[in-house]
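Here is a briefing on one structure, grouped by topic. Please keep the sequence and the 3D view at hand while reading.

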Amino acid sequence: MPVEIKDMTLDNVAVGPIAVRVYQGAEYGKGPPVLIYFHAGGFRHVGLGDCPMAECLAGTGAIVVVPDYNALGSVFPKPLEVGFALFSYMAKKRAGFGDRKSLLLVGGSEAGGNIAAAVSLKARDHFADELDGQVLVSPLLDPFMGTPSFRKAEAIGMRDLWAEGWSHYLSGGICHPYAAPSGCSRLAGLAPALLLSSEDDPLLDETLSYAQRLKSAGVEVRQHVLPARAGWPSVYGGKTEEAPSWQESASSEFAGFVRDICARRADLKTI
């Protein structure tokens, strides 16, 4: 499906005006899912650049809103404050995106996946039932960077960037569970989750570990690991020799995740 892309500013967010890039499937139907998607960038990227994953998911018929979430500060908790304020803003009648039947999701890749997971935790803690799901794409959740798959990061040139990013993000002296969701001991009650990674992803182990912990806490989880050599690290800026071929799988998994949520919602209405 062709995707329309436009930049705009959301003026009525509690933290102040937020610039966003909106990816919208040109042929979306009634009640399209609305996904707030936090871009990658090792906790330091500011501005609105291209987001291939956002464009890919918009091609399924979703409306994907990518905010410049580091514009007001990129040290915890500022990005989370922006992310949660944007979620709260969008929860009010979807702020003109979609309609009252639209699912409201948060998602993100790499550092953006961290922010999405944290927004999901805070939504649970603030009894914000408007959040329908979370989409975590190779989320950067563990500042210790000690997993076996992480040791392969050197091969794609990301280890130093991530180490510097974590040091920057946590430089406010706070290591709250919202800052490093892998350390959160209470995961029950979170919104359903879709987690995506690949066999050659340095973030594979922490993605799968978080998925398992969510399942153990009773959270509905859908997960998918792409095969190696699908060019997956390119979703967060990693170096790869392969031409990206992950789009079809990512689209299919996201569409299935949306269907699962809609089916559960329909079942609850019949109870």
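**Salt bridges and charge**

D7, R21 and D50 are linked in a network of salt bridges. A salt bridge here is a side-chain nitrogen of Lys or Arg within 4 Å of a carboxyl oxygen of Asp or Glu. This is a predicted model: local features need pLDDT of at least 70, side-chain atom pairs count only at pLDDT 80 or more, and totals for chains, interfaces and linings use all residues. Residues are numbered from 1 along each chain as its sequence is written, and side-chain values use heavy atoms, with hydrogens and water left out.

- A search of the whole structure finds nine salt bridges.
- E81 and K78 form a salt bridge through their side chains, at 3.7 Å from N to O. The two are three residues apart in helix α2, so about one helical turn separates them. Helices (H or I, at least four residues) and strands (E, at least two) are DSSP runs, numbered from the N terminus.
- E81 is partly exposed, at 33% relative accessible area. K78 is also partly exposed, at 40%. The cut-offs are under 20% for buried, over 50% for exposed, and in between for partly exposed (1.4 Å probe, protein chains only).
- D125 and R186 meet in a salt bridge of 2.9 Å, N to O. This pair links distant parts of the chain: D125 sits in helix α3, R186 in the loop between α4 and β7 (193-198), 61 residues apart.
- D125 is partly exposed at 25%, and R186 is partly exposed at 47%.
- R264 pairs with E220 in a salt bridge, with the closest N and O atoms 3.8 Å apart. R264 lies in helix α6 and E220 in the loop between α5 (204-216) and β8, so the pair ties together parts that are 44 residues apart in sequence.
- K122 belongs to helix α3 (residues 111-125). K122 is buried yet has no salt bridge. The nearest side chain of opposite charge, E81, is 6.2 Å away. For charge, Lys and Arg count as positive and Asp and Glu as negative; His and the chain ends are not counted.
- K122 touches F84 and Y178, not counting residues up to four places away in sequence. Contact means heavy atoms within 4.5 Å.

**Nonpolar core**

- The largest nonpolar core has 90 residues. Such a core is a set of buried Ala, Val, Leu, Ile, Met, Phe, Trp, Tyr and Cys residues joined through side-chain atoms within 4.5 Å.
- M53, V64, F87, M90, Y210 and F254 touch the most other members. Helix α2 (residues 78-91) gives the most to this core, with nine residues.
- In soluble globular proteins, nonpolar side chains tend to be buried together.
- M53 touches Y37, V137, W232, V235, W246 and A250, leaving out residues up to four places away in sequence.

**Buried polar site at S138**

- S138 lies in strand β6 (residues 133-139). S138 is buried, at 0% relative accessible area.
- The S138 side chain makes a polar contact of 2.4 Å with the side chain of D201. Another, of 2.8 Å, joins the side chains of S138 and W232.
- A polar contact is a pair of N or O atoms within 3.5 Å; within protein, one must be able to donate a hydrogen and the other to accept it, and residues adjacent in sequence count only if both atoms are side-chain atoms.

**Cysteines**

- There are zero disulfides, a disulfide being a pair of cysteine sulfur atoms within 2.5 Å.
- C262 is in no disulfide either; the nearest cysteine sulfur, that of C56, is 18 Å away.
- C56 is buried at 11% relative accessibility, whereas C262 is partly exposed at 36%.

**Backbone points**

- The peptide bond from F76 to P77 is cis, with omega near 10°. P77 is in the loop between β4 (63-67) and α2.
- F43 is not a glycine, yet its phi is positive, near 70°. F43 is buried, at 2% relative accessibility.
- R229 also has a positive phi, about 65°, without being a glycine. R229 is exposed, at 60%.
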